[in-house]
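Welcome! Let us walk through this protein together, one region at a time. Keep the picture beside you as you read.

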Amino acid sequence: MGNRSIKWGIVGLGNIASQFASDLLLIENAELTAVASRDFTKAEEFGGKFNALRMYNSYDLLFEDSEVEIVYIATPHNSHAELSIKALEKGKHVLCEKPMALSYKDAQRMIEASKKNNVFFMEAFWTRFIPSIQNLLQKIGNGIIGDVNYIKADFAFHGSETENKRLFDKELGGGALFDIGVYPLFLSYILLGKPKEIAAKAIMHKNDIDLQTSMILQYETAQSILHASIVSESDMKAIISGTKGRIELNAPWYIADGYSLFINEEKEATFTFPALGKGYSHEIIECQNCILNNEIESKLWSHHNSLDLSRIVEEVKTQIGLSF
């Protein structure tokens, strides 16, 4: 990165935003200029904790702040599209928390706004940028396990409807698929691309969000077996198997600090790649590099990649009867 600091704004000041802001403090060329919440007391507390220069009780006021260069949007899923587009139209770069939108149509609108206003936009798929995934993709690309023909990945935990109302709130885009199911779908996509066929089944809540969803992605010579649940646990390892061997990502795989390589069922090697901070730091660095290089999208997680994944998620959403 160059020497110039990049000035950030954050809208939506929940748990994810706190973790993100902690990592932002680790980046020498990053400055937290402003934060916004509809609850001004929350904005003051958050801003004070993370050394923000200004606090707002309105997202629009932050978008109008002439010093803010890039906005991190960490509000509930249902507001991602409209807030991203609003910020992009104000000439702000945007890093929008995943999933970028609750429909493919909205995802298209967001990308169009980035291009129309010539400003950077990226979906915040932080897993794409952590060191273990970067290294794994390089090694697999070099043929270390041969041709990938099987992936198993899940993301599952016991969620509490009383403690985490957003997760079970249909109006806010809750449910397993959009909150966590996008992660295993992402892993399959970055390794195998778009599938030929998708088969998905879900167990639904009384309010019509999915409690758990299982997916099979069919490729020409490969399959991915994927699962997401907010009512049950799993070991949260991921297995990537090829014609010469397999890789097992450490749990939880979406923020893996390393992986093991197996050749002919024997453990060949163990690789360790700790993340900087909580792991959000790596996507922050990517955003800043793109902005400093006058790029409106990342080469590692491009507009095209986000639209592809959104299309895959849309197909699963349709198959399980989920609508917002």
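A polar contact is a pair of N or O atoms within 3.5 Å; within protein, one atom must be able to donate a hydrogen and the other to accept it, and residues adjacent in sequence count only if both atoms are side-chain atoms. Before we use that idea, note that this is a predicted model, in which local features need pLDDT of at least 70 and side-chain atom pairs count only at pLDDT 80 or more, while totals for chains, interfaces and linings use all residues. Residues are numbered from 1 along each chain as its sequence is written, and side-chain values use heavy atoms, with hydrogens and water left out.

You will find N305 in helix 9, which covers residues 303-319; helices (H or I, at least four residues) and strands (E, at least two) are DSSP runs, numbered from the N terminus. Which backbone nitrogen does the side chain of N305 reach? That of S302, at 3.0 Å. The side chain of N305 also makes a polar contact of 3.0 Å with the side chain of Y189. If we set aside the neighbours within four places in sequence, N305 is in contact (heavy atoms within 4.5 Å) with Y189 and L300. Is N305 buried or exposed? N305 has a relative accessible area of 15%, so it counts as buried. Here buried means under 20% relative accessible area, exposed means over 50%, and partly exposed is in between (1.4 Å probe, protein chains only).

On a 1 Å grid over the protein atoms alone, a cavity is a set of points where a 1.4 Å probe fits but cannot get out, and a pocket is an open set with protein on both sides within 12 Å along at least five of seven lines; lining residues have an atom within 4 Å of a point. Grid points are joined across faces, edges and corners, and a volume is the space filled by probe spheres set on the points. By this rule there is one cavity of 30 Å³ or more. The largest cavity has a volume of about 80 Å³. Its lining is made of 14 residues, and P99, A101, L309, S310 and V313 lie nearest the centre. Helix 9 gives the largest share of this lining, five residues, and helix 7 and helix 9 each supply at least two. By type, the lining of the largest cavity has nine nonpolar, three polar and two charged residues. In this sorting, Ala, Val, Leu, Ile, Met, Phe, Trp, Tyr, Cys and Pro count as nonpolar, Asp, Glu, Lys and Arg as charged, and the others, Gly among them, as polar.

Now for the open space. The largest pocket holds about 800 Å³ and is lined by 30 residues, with G14, N15, I16, A74 and R166 nearest its centre. Helix 1 (15-24) and helix 7 (176-192) each supply at least two lining residues, and helix 1 gives the largest share, four residues. The lining of the largest pocket divides into 15 nonpolar, eight polar and seven charged residues.

Next, look for charged partners. A salt bridge is a side-chain nitrogen of Lys or Arg within 4 Å of a carboxyl oxygen of Asp or Glu, and the whole structure has 15 of them. One of them joins E69 and R4, whose closest N and O atoms are 2.8 Å apart. This pair links distant parts of the chain, 65 residues apart: E69 is in the loop between helix 3 (59-64) and strand 4 (70-73), and R4 is in the segment before strand 1 (6-11). E69 is buried at 18% relative accessibility, whereas R4 is partly exposed at 41%.

Another salt bridge pairs R54 with E67, the closest N and O atoms being 3.4 Å apart. Because R54 lies in strand 3 (residues 54-56) and E67 in the loop between helix 3 and strand 4, the pair ties together parts that are 13 residues apart in sequence. R54 is partly exposed at 26% relative accessibility, and E67 is partly exposed at 37%.

Finally, R109 and D106 form a salt bridge with closest N and O atoms 2.7 Å apart. These two are three residues apart in helix 5 (residues 104-117), so about one helical turn separates them.
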